[in-house]
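Visitor: I have a model open and would like to learn how to read it. Where do we begin?

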Amino acid sequence: MHHLYDWMLTTWLNKLVLGYPWSWPTLESLHFLGLCVLMGALLVMDLRLIGFQRTIPLKAVHSLMPWAIAAFAINLITGVCFFFGDPYNYSGNWSFWAKMILVVAAGFNFLLYFFAVEPKLLRLGPHDPTPGLAKVVGVLSLTFWFGVLAFGRLLPYLGTGGG
Amino acid sequence: MAFFAWLEASKLAEWVRMSSEGYPTVITLHAIGMAIMVGLCVIVDLRLLGRFDGIPYEALQKLLPVAWVGFLINTLSGSGLFVAQATMFATDLMFIAKILLVFAGAATAGILQPELAKASTWPGGKPPPRVRNIAAIGIVFWLCAIVTGRLTAYIMIFI
């Protein structure tokens, strides 16, 4: 892996991220804006999935999905920039890997939603209660994503970055 | 300044500043509260501006109390963060700008809440221009609050 990290340190992206005093704070601001929009959209979608807010038609929560995906994309891109800027610090920090594992877990949870829950929801009326599996997926989603947020914020304080 | 020095000498300030778990705990709660408050307020604002038009206004009214839970978390955690370095924050222009923007953002949510209660009387079922303007201003306040909040960590560079 050290070859990969050493290569990252030689890239133009590394220079972009570290080369200007404004680049890191700008990326952080975008990362925070992205996380707010992502968590806001997820809260509305997952609370409905769990069974709260039944005045929201099931189809209407879908309109939030593009915003959640766009916000996640912003955070993925800015996150990759951080990693290219300081690969040894992140890769040597267990909090970073805990965060990544939770992102992957949230990804699998989304696949579960997409293939096992959504087809069921499409057969329901707009204000119907949601099935048990939908509630499980909703609770897991909020747990994983708030975990991602917590481990991300704790990153500088948990574990010591290797280098 | 004596008042801020007194705050900074308090037990709470010492716990946040000195203990191994204090600052990480409080800063993480602050991020969680921010995600809840800003995230939900932005969704409500976007809805009032015409996005996600399948979501009924009465549902937004029920989202705002959840947003206020986030605001409460951040008022408490933010107080902890403030007292830990009160004398520094009290004179930091970036921090003062951030706090004013947060209160301005919260004020837009506070104004929108009773307006949403009247949603059934809106002509044509659409929010009146006044409400839409507040929603648009709300998004701008939150955006600026987040950026200035993040930049507060970079005081050295800017002052």
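Visitor: How many helices and how many strands does chain A have?

Guide: Keep one thing in mind: this is a predicted model. Chain A has eight helices and zero strands. Read along the sequence, the pattern is α-α-α-α-α-α-α-α.

Visitor: What does the C-alpha trace of chain A span along its principal axes?

Guide: About 55 × 25 × 25 Å. Then look at the contacts within the chain. Among contacts in chain A with a separation of 6 or more, 78% join residues 24 or more positions apart.

Visitor: What percentage of the residues in chain A is buried?

Guide: Buried means under 20% relative accessible area. By that cut-off, buried residues make up 49% of the 163 residues in chain A. The accessible surface of chain A comes to about 8100 Å². Carbon and sulfur atoms hold 77% of that surface.

Visitor: Which backbone oxygens does the side chain of S23(A) reach?

Guide: There are two to look at. One belongs to L16(A), at 2.9 Å. Another belongs to Y20(A), at 2.8 Å. S23(A) then touches L16(A), V17(A) and L18(A).

Visitor: Now a loop residue. Where does L64(A) lie?

Guide: L64(A) lies in the loop between α4 (58-61) and α5 (65-85) of chain A. At 0% relative accessibility, L64(A) counts as buried.

Visitor: Which residues does L64(A) touch, not counting residues up to four places away in sequence?

Guide: Check both chains. In chain A, L64(A) touches A41(A), V44(A) and M45(A). In chain B, L64(A) touches I43(B), F52(B) and I55(B). L64(A) and L42(A) are 22 residues apart along the chain, and their C-alpha atoms are separated by 8.2 Å.

Visitor: That brings in the second chain. How many residues does each chain bring to the contact?

Guide: Chain B brings 30 residues and chain A brings 28 residues. Next, read the buried area. Chain B and chain A bury about 2900 Å² between them. Of that area, 81% is on carbon and sulfur atoms.

Visitor: What is the count of salt bridges between chain B and chain A?

Guide: The count is one salt bridge. E28(A) forms a salt bridge with R150(B), and the closest N and O atoms are 2.6 Å apart.

Visitor: Which helices of chain B supply at least two residues each of the side that touches chain A?

Guide: They are α3 (22-48), α4 (57-84) and α7 (129-151) of chain B. The helix that gives the most is α3(B), with 14 residues.

Visitor: Last, the surface. Which residues form a nonpolar patch there?

Guide: The patch is formed by V104(A), F108(A), F110(A), L111(A), F114(A) and F115(A). Together they have about 620 Å² of accessible area. Take F108(A) as an example. F108(A) is found in helix α7 of chain A, residues 94-122.

Visitor: Why does F108(A) count as exposed?

Guide: Exposed means over 50% relative accessible area. F108(A) is exposed because its relative accessible area is 56%.

Terms used: Residues are numbered from 1 along each chain as its sequence is written. Chains are lettered from A and ligands numbered from 1 in the order in which they are written. This is a predicted model: local features need pLDDT of at least 70, side-chain atom pairs count only at pLDDT 80 or more; totals for chains, interfaces and linings use all residues. Side-chain values use heavy atoms; hydrogens and water are left out. Patches are made of residues with over 30% relative accessible area and no salt bridge: like charges are joined within 9 Å, nonpolar side chains (Val, Leu, Ile, Met, Phe, Trp, Tyr) within 5 Å. Accessible areas come from the Shrake-Rupley method with a 1.4 Å probe; for residues, only the protein chains shown count as cover. A salt bridge is a side-chain nitrogen of Lys or Arg within 4 Å of a carboxyl oxygen of Asp or Glu. Helices (H or I, at least four residues) and strands (E, at least two) are DSSP runs, numbered from the N terminus. Buried means under 20% relative accessible area, exposed over 50%, partly exposed in between (1.4 Å probe, protein chains only). Contact means heavy atoms within 4.5 Å. Buried area is the accessible area (1.4 Å probe) that two parts lose on being put together, summed over both. A polar contact is a pair of N or O atoms within 3.5 Å; within protein, one must be able to donate a hydrogen and the other to accept it, and residues adjacent in sequence count only if both atoms are side-chain atoms.
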